[in-house]
Amino acid sequence: MSLQLVHSGKVRELYDAGDGQLLMVASDRISAFDVVLAEPIPDKGRVLTAMTVHWLDELADLAPSHLVTADPAELPAEAAELGGPAGMAGIAGRAVLVRRAEMLPLECIVRGYLAGSGWKEYGQSRSLHGTPLPAGLEQADRLPEPVFTPSTKATEGHDLNISFDEAVDLVGKEMAEKARDLCVEAYRRAAAAAERTGIIVADTKFELGLIDGELALCDEVLTPDSSRFWPAEQWRPGTSPPSFDKQPVRDWLEGSGWDKQPPPPPLPADVVAQTSERYTTAYERICGRRLADWYGAAG
Ligand code: Q0Z
């Protein structure tokens, strides 16, 4: 009578809930430098789940979503088995019931700033996703307009950038255009809201799927794990801004002398506490809600 695990990611799990539904569970695990650390970050799973639900609600007029419920009282009874000794209370707030979608074979990335692989490409060819950009842009500069830069899920971890025409080959012209327009508008709205709270959403990745033939927002939405969040006051073009959420972990690991080969050294308790605090702050600032009001949060 246990829920079947259908997919296990680095920091979350997906279970078959029957009736065309899935249970998506965000853990408190954190990854840095491509490895998962041993120490959980308290409330991280709740923050990511609450943020996703916030954005799905904010964007509901733009697109339907896969979300059925985040209310622990409405989850299948077997979900309690995933909550450890605390039972349902152990997963409350970090598990959502969703409708199974026919996922587009695309990672729908939108970039508003020049970071990561976008900055790398610009350095090599003064373009982003093959489209020429103005000369003289610096690392972390804001782009003139947000750009849709789709990729495909490559084998293990690293994704492969694809052109818009290749996206069209994968899903058809109408679907590719719809996906692009939806994602760019969703990014614009979320980035504008976050900017008013002093947080820059440099880029983000959406996963879309078809539900009843309609394009729907699926998976996690505008979370720190699917996006680059930067503290606006530390943004300086020409430098690589710190990550709003993971920087304490990265800084400590960098200073630990670790050779970046697994296993990573154990994180000190103060780094864990500081990081947990960053996630909570990100949620409370960006979404304008208290985490204590979310399911299962300590208060
Ligand atoms: C999401 C993923 C996770 C590992 C598949 N509504 C949906 N319908 C069908 N498939 C998915 C969804 Cl969200 C789906 N992923 C990503 C989630 C653990 C991987 F919780 N894979």
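**Group meeting: cysteines, ligand shell and local geometry**

The sulfur of C183 lies 4.3 Å from the closest cysteine sulfur, that of C108, which is too far for a bond. A disulfide is taken here as a pair of cysteine sulfur atoms within 2.5 Å. By this rule the count of disulfides is zero. C108 is accordingly in no disulfide, the nearest cysteine sulfur being that of C183 at 4.3 Å.

Before I continue, please note that this is a predicted model, in which local features need pLDDT of at least 70 and side-chain atom pairs count only at pLDDT 80 or more, while totals for chains, interfaces and linings use all residues. Residues are numbered from 1 along each chain as its sequence is written, and side-chain values use heavy atoms, with hydrogens and water left out.

Are these two cysteines, C108 and C183, buried or exposed? In this presentation, buried means under 20% relative accessible area, exposed means over 50%, and partly exposed lies in between, with a 1.4 Å probe and protein chains only. C108 has a relative accessibility of 0% and therefore counts as buried. C183 is also buried, with a relative accessible area of 0%.

I turn to the ligand. Which residues come nearest to it? Of the 14 residues around the ligand, these are H7, M24, H66, R99 and A101; a residue counts as near a molecule or strand if one of its heavy atoms lies within 4 Å of it.

The next distances concern polar contacts, defined as pairs of N or O atoms within 3.5 Å; within protein, one atom must be able to donate a hydrogen and the other to accept it, and residues adjacent in sequence count only if both atoms are side-chain atoms. An N or O atom in the side chain of H66 is 3.0 Å from a nitrogen atom of the ligand. R99 brings a backbone N or O atom to 2.9 Å from a ligand nitrogen, and a polar backbone atom of A101 is 2.8 Å from a nitrogen atom of the ligand. On its own the ligand has 480 Å² of accessible area, of which the protein covers 87%. Such areas come from the Shrake-Rupley method with a 1.4 Å probe, and for residues only the protein chains shown count as cover.

Which elements give two or more residues to the shell around the ligand? They are β2 (12–18), β3 (21–26) and β7 (95–99). The strand β2 gives the most, with three residues. Helices (H or I, at least four residues) and strands (E, at least two) are DSSP runs, numbered from the N terminus.

D16 lies in this strand, β2. With 29% relative accessibility, D16 counts as partly exposed. The side chain of D16 reaches the backbone nitrogen of G18 at 2.8 Å. Although D16 and R100 are 84 residues apart along the chain, their C-alpha atoms are separated by 8.9 Å. Contact means heavy atoms within 4.5 Å. Not counting residues up to four places away in sequence, D16 touches L3, Q4, V6, Q21, L22 and R100.

Next comes helix α3, residues 116–125, in which G118, E121 and Y122 are buried. Those three residues cover an arc of only 100° around the axis, which puts them on the same side of α3; the arc is that of the directions from the helix axis to the C-beta atoms. The buried residues of α3 pack against β9 (108–113) and β10 (127–128). The face of α3 turned away from that buried side carries the exposed residues K120, G123 and Q124. After the helix comes R126, with a positive phi near 50°.

Two further residues other than glycine also have positive phi. D34 has a phi near 70° and lies in the loop between β4 (31–32) and β5 (35–36). At 51% relative accessibility, D34 counts as exposed. L222 has a phi near 55°, and its place is in the loop between β16 and β17. L222 is buried, with a relative accessible area of 1%.

S226 is likewise found between β16 (214–218) and β17 (227–231). At 8% relative accessibility, S226 counts as buried. Its side chain makes a polar contact with the side chain of S227, at 3.5 Å. Leaving aside neighbours within four places in sequence, S226 is in contact with D203, T204, K205, E220 and V221.

Finally, the peptide bond from P262 to P263 is cis, with omega near 0°. P263 is found in the loop between α6 (247–255) and α7 (269–287).
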